Amino acid sequence: MLTRKDFEGRERPTWCPGCGNYGILNAIKMALVEHQIAPHEIFIVSGIGCGSKLPLYMKVTGYHTLHGRPVAIATGARLANHGLRVMVVHGDGDGYGEGLSHFLNAARRNVRIVDLVQDNRIYGLTRGQYSPTSEYGKRTPTSPEGALEQPVQPLALAIAAGATFVARGYSGELQHLAWLIGEALEHPGYALIDVLQPCVTFNRGYAYEFYNQRVYKLEDEPGYDPSDRTAAWERSYEWGERIPIGIIYRGSPLPTYEEQVPALKSGPLVARALEKLTTAQIDALLEELA
Amino acid sequence: MNPHNLTIRIGGEAGMGLESSGAGFARALTRGGLYAFGVADYYSRIRGGHNFFSIRVSPQPLYSHAEPVHLLLALDLETIVRHIDSVVEGGAVVYDARETLPEHLRRSDVTFFPVPLTALAREQGGSEVMRNTLAFGIAAGLIGFDHRYLESVIRDNFSRKGQAVVDANLRVSELGMQTGHTLQADFPFRMEAIPDAPRRLILSGTEAFALGALAGGCRFVAGYPMTPGSPVLQWFAAHASEYGVVTKHAEDEIAAINMAIGAAYVGARALVPTSGGGFSLMVEALGLAGITEVPVVIYNAQRPGPSTGMATRTEQADLLFMIHASQGEFPRFVLAPGTIEECFEAGWRSFNLAEHYQTPVLVLSDHYLATSYRTVDVEALDFAGVTIDRGALLTRTELDALDEPYRRYRITPSGISPRTVPGHPNAVWVSDSSEHNEYGAGDEDAANRTAQVDKRARKVIGAEKDLPQPSRFGPPKARVTFLCWGSTYGPLRETVERLNAEQPGSADMLHFSGLYPFPKAATEAALAQAQRLIAVEGNETGQFETLLRCCTGRSVDGAIHKYDGRPFSPEYILNNLAGKV
């Protein structure tokens, strides 16, 4: 029986006191305990940014990689070993800026990956520049006159790209976030969890106070049906006095990419012994060239 | 007349199917017991422009194409305009009788055969696309080749299009053969089939490398289409189901290499085929593989750069880029096979190097080597010589017995840390792309940084012994020693042969297929007695010369550089030797 203790890392987090990443780290551990997934049964790939240091602060099999690329690395890992659960943890700059194309392609590709984006709407590690999800007009060191771009809409983008599991969590709602991560882990296909995450140092306008007053849970919303894509589309844009969290969209599962690859029908690629070609195989290959 | 070899060139517009029919003809020659060398010259467009395909054929093995043309098959007048000067004395031009041949294109020492190519293809085949089948039939008739080999290739190539297409092509080819026979009196060159020759193969560098990689256990291939690298991805895609390989045409080259790194991290032998532009995009991830010690193989079929350069042409100008790409320092291997045999070997050896030394391996080919076809004896693809060495990979038993936290980057005397892949309860670790300690966790401590850099560097001390060694060709104590790398092997080898045929003992050559870590000791030994060094390489700045000077202090006495996008030929090298020998 796994417990939280089984996931305790050797390193202590270097995040600022009050950082939303603590909640996310705890929620991931809670979900893994709840679903009894051992540290060696899950591969957590992270990018670069404050939040991407997360796997280093727990006991898990993981890979702290490049800015913007963890989804691609996770895709390769999953295709080579679909016996392994694969999760990506990275920030909004990583996922929706540098890695935007990988995000959209992963959603339409439907490789079974949980893609958790720590969305604090700011660049923290590089000290406060505006991010893809920063609001229009946001003044930061790289946008002193105010950001001139409309923010990325990750939930709507994921739905448009064909994702069948699109959720939003909030790092201040620990139990709820752990539940969402668990649901995403059990979803057969690509699953996005955009996590609202206060950055108490560089984005004080979006601190706990802001979110605590606005977030509401879709599960508590009478009549909300997450399988209704049109309704999901509308909620994905809802941002103001009320901000929805929960499963925005859960469509009928589509076949995952990996279950459609002929070479993977007989099991994970890496589970097969690496052997030399047989004489019959060599003969067949040479026949093509004669 | 039975020349030692002859060249048949077919020219026309893109979209006329020159390359596939040319490759088919080369295959027929191979089946007929002859050695063929086929090379395409085309523009980066789907229709129009001027394309040509040259097939050199000989009863003896060939390593290169050659410039002189014995028979020119002109599907349009442009072909005659561009190539009439390459036709040898006594050679011939077959052209479409519907064209009016301008007088200024005629040469009195060349025979012109007007044949109603379009009309006959339409009448007998039902489509003018069969002009090339007709033209090659005529060629076979003119040189006295046996039609049954053409027939067998036509059956193999067109059977999936249905019996009607096979029959139409056979009719047209047969008609061409008869036409060629009737014209034979005015064409002096013959190349008859050798019926009892052993079975041989004809293949491109692309196929040789892919076969070697598959034989070496490559099971994951990710790429993004870019000429001339993507044919390797396509080859694997075509063989993926049969041989249990996952291939992924990714959204871009950055995704491709990162997917391969992810696959290699969890234990698959992973390959990324690309060309220089794609490799440029992959450089950051190359460093990731370097610092986190992930074995990944990158294949770069070079084309002229920078930027888009010339998409369908050849160059050897990425050598120093491949050696130096990435910020920071980490070990890597660079291989540059020069022949079909070496492409095959690089295919499997690159994975052994990558896994044994836990570092990226870069294989440099180029458009010429990747796309030209060469007949080889079956033994050229040495499947029996393939080994699969996974290096220090912990076994399940070893992992079961592990009684301390796993140290992925353990400091060892060799620098090689026993590797494992995710999935075992005793091997739970996180690899950090930041500088890390033995456990994989980020650690900026000065002593740790130095120890880890030293550990990585130590892995490849003396590792050049595991690379293909410089190979010498030619007589001992030659007065001139040529130096080359990669695809220049073939044209230069023939150059050396011709020079020694004229003046015995005049030249030899040293070819480099293993380039980095540079084989310093072997090179110094090989060049100790060399008198005059001439480098021959396909770039402007002399990148190999720079490498040689950096690593050995030895400078060359002369150089021939080529960067017009066209491959070296023996004639080009010989013509540019003036003042250098």
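**View 1. A strand pairing across the two chains.** Strand β2 (residues 61-64) of chain A and β15(B) run parallel and are joined by three bridges. Strands are DSSP runs of E with at least two residues, helices are runs of H or I with at least four, and both are numbered from the N terminus; two strands pair if DSSP finds at least two bridges between them. Look for His64(A), whose bridge partner in β15(B) is Asp432(B). This is a predicted model, in which local features need pLDDT of at least 70, side-chain atom pairs count only at pLDDT 80 or more, and totals for chains, interfaces and linings use all residues. Residues are numbered from 1 along each chain as its sequence is written, with chains lettered from A and ligands numbered from 1 in the order in which they are written.

**View 2. The side of chain B that touches chain A.** Here 54 residues of chain B are in contact with 44 residues of chain A (C-beta atoms, placed from the backbone, within 7 Å). Elements that each supply at least two residues to this side of chain B include β7 (200-204), α8 (230-243), α10 (276-291) and β15 (430-432). Helix α9(B) gives the most, with nine residues.

**View 3. Chain B as a whole.** Chain B holds 19 helices and 21 strands. Its radius of gyration, taken over C-alpha atoms, is 26 Å, close to the 25 Å that the globule rule (2.2 Å times the number of residues to the power 0.38) gives for 581 residues, so chain B is as compact as a globular protein of that length. Its C-alpha atoms fill a box of roughly 85 × 55 × 45 Å along the principal axes.

Definitions and conventions. Two residues are in contact if their C-beta atoms, placed from the backbone, lie within 7 Å.
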